[in-house]
Amino acid sequence: LLNASTCSTKVPTRIQEALIITIGIMLGSTRLLGAVSSNTVRRLAHRSLSTTPNPVSQSLYRRENEVGPGGRCSNAGVKVAVFGGGGFLGRYVCCNLGTHGTLTYIANRGDDMELRHLKPSFDLGRSRFVFYSPRDRESMKEVIADADIVINMVGKYYETKALSNKEGFPYLEYKTNFSFEECNVDICRTVAELCTEMQVDNLIHVSSAAASPDSGSEWARTKFLGEQAVKEAFPWATIIRPTQLFGPEDRFLNWFANAANMYPAVPLVDGGNALTQPVYTTDVADTIMRVVDDPEEYEGKTIDCFGPADYTYKELSEFVFDITNQDPTVAEVPKSVMLASAKLMQYQPLPMVTPDLVELWSEDYLPPVGTQEDYDAQTGKDKILTMKDLGVAQTPIEKIAFNYLHRFRKGGHFALAGGYHGNHTEKSA
């Protein structure tokens, strides 16, 4: 009746494929459907965000209870529970879920206004904010409820502390609220155990490319232990391991510009010679969305997310200051001296420097397997995937950084343009 070779060459390939699939469904013909590759079917099965038009009608591939054309004003037919939605990565994941028409349960351990910035991402009635305590399993069950997929992005780059009473002098002491062990291991284990107990279909756990039992950073060590705890409690979980994230709200590139404004000198641990390969946070959020689209395809898989190039911290500082036009003193500080300073600076609210960050900055923060070519050369069912395998392109840091770093320029980026601030010359009539 119809095959790819008899279709008019004037018709785009994807439209030809769609016609084959449509007629095959109408006639119940497996031969027609066989004319289209499994990769094509998988690609067409991905639901498109509203910003990514799909040439194939979404009506061809629907989950049970899915309603609408896909994207806004639609019901994606899947329920997702999110832990850590208020974090840097979490807001982008929630934005994708909302744009996608996904009914989302968002865990909130703060007050009602703490996550209000996430509400515009969702159509009315497509988000539910649930209060919980990480030390209360029952409240965590209420977050998960009847979700099909659970995404865990809980994390903290420093141990939160608070002043508490003490019997002896000086009558006050700093008490740790949530330690790295609790945040990166215990909570993750609890989420995974509850997913098993409540028979959740899929779990997506966000770890880190720096996770290692041999790291000098306790944060990195506990990230590794948390990853192992999740695999033990929920063996078919999908593990996402990004390198350092950059983006408008990051504590990465923004750190250099803020440090230049706050401190007499910008410190670089051991000269800033350690390597890092940062990844754009939107790329990681898109990768997670690909997994939400087809969770069974990535069950039990590990996906590493990293950018196209690596840099030293010294190179990154020069890159940032070139954009911001700041001219700070950059000090190459030995690790031992930096650790001593960090022990005092860690008590600041939202500390810029902590002893654990110093340990992390002194080590390479790179993809565990190596380059993209090393990942491509892997074979076997235990192959570690990358964003490339999910069709997500790596965004260079040079394309994004200016958009949110130029605000650190004195007078803004218009101050450098001719014709401003009385620098123009008027021609006589």
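Before I go on, a word about what we are looking at. This is a predicted model, in which local features need pLDDT of at least 70 and side-chain atom pairs count only at pLDDT 80 or more, whereas totals for chains, interfaces and linings use all residues. Residues are numbered from 1 along each chain as its sequence is written, and side-chain values use heavy atoms, with hydrogens and water left out.

Cys95, at 33% relative accessibility, is partly exposed, whereas Cys305, at 1%, is buried.

Now to the chain as a whole. It has 14 helices and 16 strands, where helices (H or I, at least four residues) and strands (E, at least two) are DSSP runs numbered from the N terminus. Of its 429 residues, 48% count as buried. If contact means heavy atoms within 4.5 Å, then residues 24 or more positions apart account for 70% of the contacts with a separation of 6 or more.

Seven of its 10 residues are buried, so α8 is largely enclosed by the rest of the structure. Those buried residues are Leu253, Asn254, Trp255, Phe256, Ala257, Ala259 and Ala260, and they pack against β9 (245-246), β10 (265-269), α10, α12 (355-361) and α14 (397-405).

How do α8 and α10 cross, and within what distance do their axes come? The axis of α8 and that of α10, residues 313-324, come within 9 Å and cross at roughly 65 degrees, the axes being lines fitted to C-alpha atoms, for helices over the stretch in contact, with angles running from 0 to 180 degrees between N-to-C directions. That makes α8 roughly perpendicular to α10, a label that covers 65 to 115 degrees. On the α8 side, Leu253, Phe256, Ala257 and Ala260 meet Tyr313, Leu316, Ser317, Val320, Phe321 and Thr324 of α10.

Two buried residues elsewhere deserve a mention. Phe234 lies in the loop between α7 (218-233) and β8 (238-242), yet it is buried, with a relative accessible area of 0%. Leaving out residues up to four places away in sequence, Phe234 touches Ala192, Cys195, Thr196, Val200, Asp201, Asn202 and Leu203. Asn96, in helix α4 (residues 88-99), is also buried, at 9%, and its C-alpha is 9.2 Å from that of Phe122, 26 residues apart in sequence.

Finally, the backbone. Most residues other than glycine have a negative phi. Ala145, in the loop between α5 (137-144) and β4 (149-152), has a positive phi near 45 degrees, and Ala145 is partly exposed at 34%. Leu350, in the loop between α11 (335-345) and α12, has a positive phi of about 50 degrees, and at 62% relative accessibility Leu350 counts as exposed.

How values were computed: Buried means under 20% relative accessible area, exposed over 50%, partly exposed in between (1.4 Å probe, protein chains only). Angles under 35 degrees count as roughly parallel, over 145 as roughly antiparallel, 65 to 115 as roughly perpendicular and the rest as oblique.
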